[in-house]
Amino acid sequence: MLSLGWFSTGRGEGSRGLLQSALDSLYNGQLNARILFVFCNRDPGEHSGSDKFMDLARNYGLPLITFSSRRFQHERGAPDIAAVRQEYHEEVMQYLKSYTPDLCVLAGYGLIMSPEMCQRYTVLNLHPALPGGPVGTWKQVIWKLIEARASRHGVLVHLATEELDLGPPVTYTSFPIRGEGFDVAWQRAGELSAKSQRDQEDEKLELFHRIRQEGMRRERPLLMETLRAFASGRLRVTDRQVIDTHGRPIAGLCLDDEVEKALAKGTYGTAQQSW
C-alpha cells in the first residue's frame, strides 16, 4: 500500500478539494494508499480557510501536524520566510521524523521546500504547464502562453527539487487552447496591445480566464491519477529518476486519456481556484 505525506497551507477551497478527492479515492477503493500525516504551515486560528482544512483532516482522523511558518518568521525577525526557509524546514523534519512516507504531496502548500526536504523525501508538486513549458506562478505562465501565442497548454506533476519548477516530470496532461471556445477569445485579445492586456485584471481578460479554467479542471484528476499510477506500480521513483512499469526511465507519463475520462465522469468533483 502506498503511504503518503500531505502538505498544504490549506487557505482555500482548492486545497480542501484536493485532500477531499484523495480521501474519497481511498475510501471508495480507487486508490490503494493511506495518508500517514497531514502537515499545515499554519497554526489553528491563524486563517479561517486553514482552520477549515484542519477540520477536514481531523474529521477523517488523520494525524495533523501544524507549525506556523509566519510565526516562525516573525519570531526570528526575518524579512520574509525565504530568509529562514532552511531553518524552518529543519524543524519541520523534526516534527516528521517518525514518519516514512513513500511520497509527499504538495497540494496548495504555499512555501518552497528547502533542498534538504527535497533530498530526504520524494516530493510531488503540481505545476500549471507542460514539461519544458513556462516556469513561474500560474499567472506568469498564462501570460507567457498568451505572449507566445501558444496552441497547447497543460498541467504537470514533477519531482520537487532544489531548482524551482524544474524537477523531473512525473506525469502530465495537455489540452488545446485554440479552436472552439478559444478562437474568439484569442481574436479579442489580439485587438488589445500587450500593455492594455496587462492593465486589465487578469481574470477579466476572457482568454486568460479560459486558459486558467481549463487548466484548473485538470489539476485534481491529474494528481489523483498520478497517485493511482504509483499505487498500482505503473510508476516509481529510483535515484531521483521516474521509472515506468518496465523499469525504464521516462520523461513524464502522459495521462491525457485518464484525465479526460475522469472529467467526463465527474470522478473528482469540480476544481476551485482558491488554494
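Analyst: First, a definition: buried means under 20% relative accessible area, exposed means over 50%, and partly exposed lies in between. Note that the model is predicted.

User: Is Cys254 buried, exposed or partly exposed?

Analyst: The relative accessible area of Cys254 is 33%. The limits are 20% for buried and 50% for exposed. Cys254 is therefore partly exposed.

User: And Cys118, buried or exposed?

Analyst: The cut-off for buried is under 20%. Cys118 has a relative accessibility of 1%, so Cys118 is buried.

User: How many disulfides are there?

Analyst: A disulfide needs two cysteine sulfur atoms within 2.5 Å. By that rule, the number of disulfides is zero. Take Cys118, which is in no disulfide. From Cys118, the nearest cysteine sulfur belongs to Cys104, at a distance of 10 Å.

User: Where is His158 found, and is His158 buried or exposed?

Analyst: His158 is found in strand S6, residues 152-159. Its relative accessible area is 2%. The limit for buried is under 20%, so His158 is buried.

User: How far apart in space are His158 and Leu124, C-alpha to C-alpha?

Analyst: In sequence, 34 residues separate His158 and Leu124. His158 is in contact with Leu124, and its other contacts beyond four places in sequence include Val123, Asp165 and Val170. The C-alpha to C-alpha distance between His158 and Leu124 is 5.7 Å.

User: Which residues does Leu227 touch, beyond four places in sequence?

Analyst: Leu227 is one of the residues with the most contacts inside the largest core. Leaving out residues up to four places away in sequence, Leu227 touches Leu2, Leu4, Trp6, Leu31, Leu103, Val105 and Leu124.

User: How are H9 and H10 oriented to each other, and what is the handedness of the crossing?

Analyst: The axes of H9 and H10 (residues 256-265) come within 9 Å and cross at roughly 120 degrees. Angles of 65 to 115 degrees count as roughly perpendicular, and those over 145 as roughly antiparallel. H9 and H10 are therefore oblique to each other. Their crossing is right-handed.

User: Which residues of H10 make the contact with H9?

Analyst: From H9, the contact involves Arg217, Arg218, Pro221, Leu222 and Glu225. On the H10 side, the residues are Glu258, Val259, Glu260, Ala262 and Leu263.

Key:
Residues are numbered from 1 along each chain as its sequence is written. This is a predicted model: local features need pLDDT of at least 70, side-chain atom pairs count only at pLDDT 80 or more; totals for chains, interfaces and linings use all residues. Side-chain values use heavy atoms; hydrogens and water are left out. Buried means under 20% relative accessible area, exposed over 50%, partly exposed in between (1.4 Å probe, protein chains only). Helices (H or I, at least four residues) and strands (E, at least two) are DSSP runs, numbered from the N terminus. Contact means heavy atoms within 4.5 Å. A nonpolar core is a set of buried Ala, Val, Leu, Ile, Met, Phe, Trp, Tyr and Cys residues joined through side-chain atoms within 4.5 Å. Axes are lines fitted to C-alpha atoms, for helices over the stretch in contact, and angles run from 0 to 180 degrees between N-to-C directions. Angles under 35 degrees count as roughly parallel, over 145 as roughly antiparallel, 65 to 115 as roughly perpendicular and the rest as oblique. A crossing is left-handed if the near helix is turned anticlockwise from the far one by less than a right angle, and right-handed if clockwise.
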